[in-house]
Amino acid sequence: MGIIAAQTVAVASAAPPPAVISLVPTADAPTFRTVVDVRRYAVDHPDARPAGANKWSCRPTPRHPRPVFLLHGTDSSAYADFSQISPLLAGQGFCVFAINYGGAAGATTFGTQDIRAGAPAVREFVDRVRASTAAAAVDVVGYSQGATVARYVVDKLRAAPVVAHWVGLAPPSHGSTFYGLGLLTRIPGVSGLVSPKPVNESMLQQVAGSDFLRDLNSPTETVRGVRYLTVRTAVDEVIQPSSSGILHGPDARDVLVQDRCPVDLTGHFRMPYDAVAQNLLLEELGGTPVAGACRPVALGTGIADVILNARR
């Protein structure tokens, strides 16, 4: 499956620490018409790659000189979250790369383990792609937790000199209270009432006030030389309040989907599949926006699909 890293999470216990697995997906996968079908397929096929990604023969062009890295969200994968964005970018001439980071040994979804343990594999992959493509710098696009992982790589793992643009789709930059439920997960025995799956380490790191986020946002939230774009939705059902996604810094910009399209009430779970968000991404990276992106999206679209997948 192209596993490139197996890190460990240090714990104060006599038991061996759990392995943290990252892999570069290489398997071709079918094209589905609905997001729910994409995500169902992804759970059973962890090596599925989004169309257009991880083509090692791709070479940057003068028009698109930087490879684009796609980093998925919590309990997910590159295929699950970027099955539209990846071919969209590749079709416009970008070199696109994606990695499944931060998984538990034997699991089929990723982004569940300690972010500090999973991030070095992402940093290593950036170096590998730069060496293969001879690109001086890359752009990174992260959805939800993926945006936070990208910031950690840029800042704490010192990738800022080789990253030109950071784009965060619904990022938990300052964490979320998850309507107060996130704080309850810290109480032993309560997490099972909050989520159908055990609450994982990376989710706790994204709760507002976590030690991880305090460290990540200190001493500054951005790094000089990198351009930051946050794409948010005012009706985010996960990042609460929505304004907690805003980054503060001289080269940081923030855009609400509803500022571009008031009738688009897309939420957190649908963000990487939203046409307006995709156009904002294309504009930031020098691509060509797609006409007709502003379309009505009903409030709550996609939430039922996520709940059904979570209980599989």
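Strands (E, at least two residues) and helices (H or I, at least four) are DSSP runs, numbered from the N terminus.

On one side of the pairing, strand S6 (residues 163-169) joins S7 in the parallel sense over five bridges, and leucine 169 stands opposite valine 231 in S7. S7 and S8 also run parallel and are joined by five bridges, with threonine 230 opposite aspartate 254 in S8. Two strands are taken as paired if DSSP finds at least two bridges between them.

Not counting residues up to four places away in sequence, serine 242 touches Arg232, Thr233, Ala234 and Leu256, a contact being heavy atoms within 4.5 Å.

Helix H5 (145-155) is largely enclosed by the rest of the structure, because ten of its eleven residues are buried.

Phenylalanine 212 is found in helix H9 (residues 211-216) and is buried, with a relative accessible area of 3%. Between phenylalanine 212 and tyrosine 152 there are 60 residues in sequence, and their C-alpha atoms are 9.9 Å apart in space.

## The largest cavity

The model has four cavities of 30 Å³ or more, and the largest cavity contains about 50 Å³ of space. A cavity is a set of points, on a 1 Å grid over the protein atoms alone, where a 1.4 Å probe fits but cannot get out, and lining residues have an atom within 4 Å of a point. Grid points are joined across faces, edges and corners, and the volume is the space filled by probe spheres set on the points.

Strand S3 (68-71), helix H4 (115-133) and helix H5 (145-155) each supply at least two residues of this lining, and the largest share, three residues, comes from H5. The lining of the largest cavity includes Phe69, Leu71, Val122, Val126, Ala150, Val153 and Val154. By class, the lining has ten nonpolar, no polar and no charged residues, where Ala, Val, Leu, Ile, Met, Phe, Trp, Tyr, Cys and Pro count as nonpolar, Asp, Glu, Lys and Arg as charged, and the others, Gly among them, as polar.

## Aromatic pairs

The structure holds nine aromatic pairs, among them the tilted pair of phenylalanine 32 and tyrosine 41, at 5.5 Å centre to centre and 50 degrees between the planes. Rings of Phe, Tyr and Trp (its six-membered ring) pair if their centres lie within 6.5 Å, with planes under 30 degrees apart counted as stacked, over 60 as edge-to-face and the rest as tilted. Phenylalanine 32 is partly exposed at 29% relative accessibility, whereas tyrosine 41 is buried at 19%.

One aromatic cluster is formed by Trp56, Phe69, Phe97 and Phe125, and Phe69 is also one of the residues that line the largest cavity.

## Basis of the values

In this predicted model, local features need pLDDT of at least 70 and side-chain atom pairs count only at pLDDT 80 or more, while totals for chains, interfaces and linings use all residues. Residues are numbered from 1 along each chain as its sequence is written, and side-chain values use heavy atoms, with hydrogens and water left out.

Methods. Buried < 20%, exposed > 50% of the residue type's maximum accessible area, 1.4 Å probe, protein only. 1 Å grid on protein atoms, 1.4 Å probe; cavity = no way out; pocket = protein on both sides within 12 Å on 5 of 7 lines; lining within 4 Å.
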